[in-house]
Amino acid sequence: MIEIDSVSHAIGGSTILDDVTLTIPRGGVTALIGPNGAGKSTLLSLIARLEKVQTGRIRVNGLDVARTPTAHLARHLAIQRQDTVIATRLTVRQLVGFGRYPHHKGRAGKADHVKADEAISALHLDAFANRFLDTLSGGQRQRALIAMSVAQETDYLLLDEPLNNLDMAHARSLMELLRGLADRSGRTIVVVLHEVNYAAAHADHVVAMKAGGIVAQGSRGDVLTARMIGDIFDTPVSVMPHGDHLIIHHFG
């Protein structure tokens, strides 16, 4: 599990996270939802130690992220940020292969190539494996970056707005893929989502944030109510059952 204890964070004197205490259960898909500026991306960066924890403590699988050596933490945790900058003259296969670095330390073997190819196939990128990244669409590059994180083969996978640049069909396909990956491998996938309907359809656990704090957490049925979503986003919504999940209607 991921344990976040009394974490606060400020940038330039502005509070981004305010005394956040949260436990993210092991296994399945956890969705972080909330309006812009709620602190979702910052929280993900702190969990992955891309930013230093200023106040409080974060543990992943019992490992204190502030004290665990980077090489060891990278065997447990992978993150895909929304602002990742990549060299465009890499092929998809080369990029995804970088995800194996925590395992091979620069000396890739046959098993590493197999794992990279499996990640490419999982993201439906076989036809693009030898293409340079600058020849791909934004959505295809996004999937390649996620494939790199999948290839890292960690227990915990953190994804910050992975549906950016994806059209409706590919966004749905990616969420279904992540759902299947969590179910088959037992991985814990934590994903920041702006469209709450994807959380309603695919998440086991939902964490709602606003103004740097945790407003609600629990099952999607407990968190994704019309009143709760309306309060979080300051807009009226209706919630309707649809099969085994919910549809959140937020259009006037």
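**Helices, sheet and open spaces in a predicted model**

In helix α7, the buried residues are Ala 171, Leu 174, Met 175, Leu 177, Leu 178, Arg 179, Gly 180, Leu 181 and Ala 182. Buried means under 20% relative accessible area, exposed means over 50%, and partly exposed lies in between, as found with a 1.4 Å probe on protein chains only. The model is predicted, so local features need pLDDT of at least 70 and side-chain atom pairs count only at pLDDT 80 or more, while totals for chains, interfaces and linings use all residues. Residues are numbered from 1 along each chain as its sequence is written, and side-chain values use heavy atoms, with hydrogens and water left out.

Helices (H or I, at least four residues) and strands (E, at least two) are DSSP runs, numbered from the N terminus. The buried residues of α7 pack against β3 (28–33), α5, α6, β7 (156–160), β8 (188–192) and α8 (196–202). The expected span of a helix is 1.5 Å times one less than its number of residues. For the 18 residues of α7 this gives 26 Å, and the end C-alpha atoms are 26 Å apart, which agrees.

Helix α6 has 14 residues and reaches 20 Å from its first C-alpha to its last, close to the 20 Å expected at 1.5 Å a residue. This helix is mostly covered, with 12 of its 14 residues buried. Among them are Gly 139, Gln 140, Gln 142, Arg 143 and Ala 144. The buried residues of α6 pack against β6 (77–80), α3 (92–98), α5, β7 and α7. After α6 comes Glu 153, whose phi is positive, near 55°.

Four strands form an open sheet in the order β2-β1-β4-β5, with antiparallel pairing. Its edge strands are β2 (14–24) and β5 (63–64), each of which pairs on one side only. Two strands are taken as a pair if DSSP finds at least two bridges between them. Strand β1 (residues 2–11) is joined to β2 by seven bridges, and these strands run antiparallel. Ala 10 has Thr 15 of β2 as its bridge partner, and Ile 4 has Leu 22 of β2. Two residues lie between the strands in the hairpin of β1 and β2, where Gly 12 takes a positive phi near 55°. Five bridges join β1 to β4, again antiparallel. In β4, the bridge partner of Ile 4 is Ile 58.

Strand β4 (residues 55–60) also holds Arg 59. Arg 59 counts as buried because its relative accessibility is 19%. Apart from its neighbours within four places in sequence, Arg 59 is in contact (heavy atoms within 4.5 Å) with Met 1, Ile 2, Glu 3 and Asp 64.

A second hairpin is formed by β9 and β10, with two residues between them. Six bridges join β9 (residues 205–210) to β10 (residues 213–219), and the two run antiparallel. His 205 stands opposite Ser 219 in β10. Ala 211, in the turn, has a positive phi of about 55°. With a relative accessible area of 70%, Ala 211 is exposed. The C-alpha atoms of Ala 211 and Gly 34 are separated by 8.9 Å, although these residues are 177 residues apart along the chain.

Rolling a probe the size of a water molecule over the atoms shows where empty space is left. On a 1 Å grid over the protein atoms alone, a cavity is a set of points where a 1.4 Å probe fits but cannot get out, and a pocket is an open set with protein on both sides within 12 Å along at least five of seven lines; lining residues have an atom within 4 Å of a point. Grid points are joined across faces, edges and corners, and a volume is the space filled by probe spheres set on the points.

The largest pocket has a volume of about 240 Å³. Of the 13 residues that line this pocket, Glu 118, Ala 119, Val 150, Leu 181 and Arg 187 are the closest to its centre. Helices α5 (110–122), α6 (138–151) and α7 (168–185) each supply at least two residues of the lining. The lining has six nonpolar, one polar and six charged residues. In this division Ala, Val, Leu, Ile, Met, Phe, Trp, Tyr, Cys and Pro count as nonpolar, Asp, Glu, Lys and Arg as charged, and the others, Gly among them, as polar.

The structure holds one cavity of 30 Å³ or more. The largest cavity is lined by Gln 80, Arg 81, Gln 82, Gln 142, Ile 146, Asp 160, Glu 161 and Pro 162.
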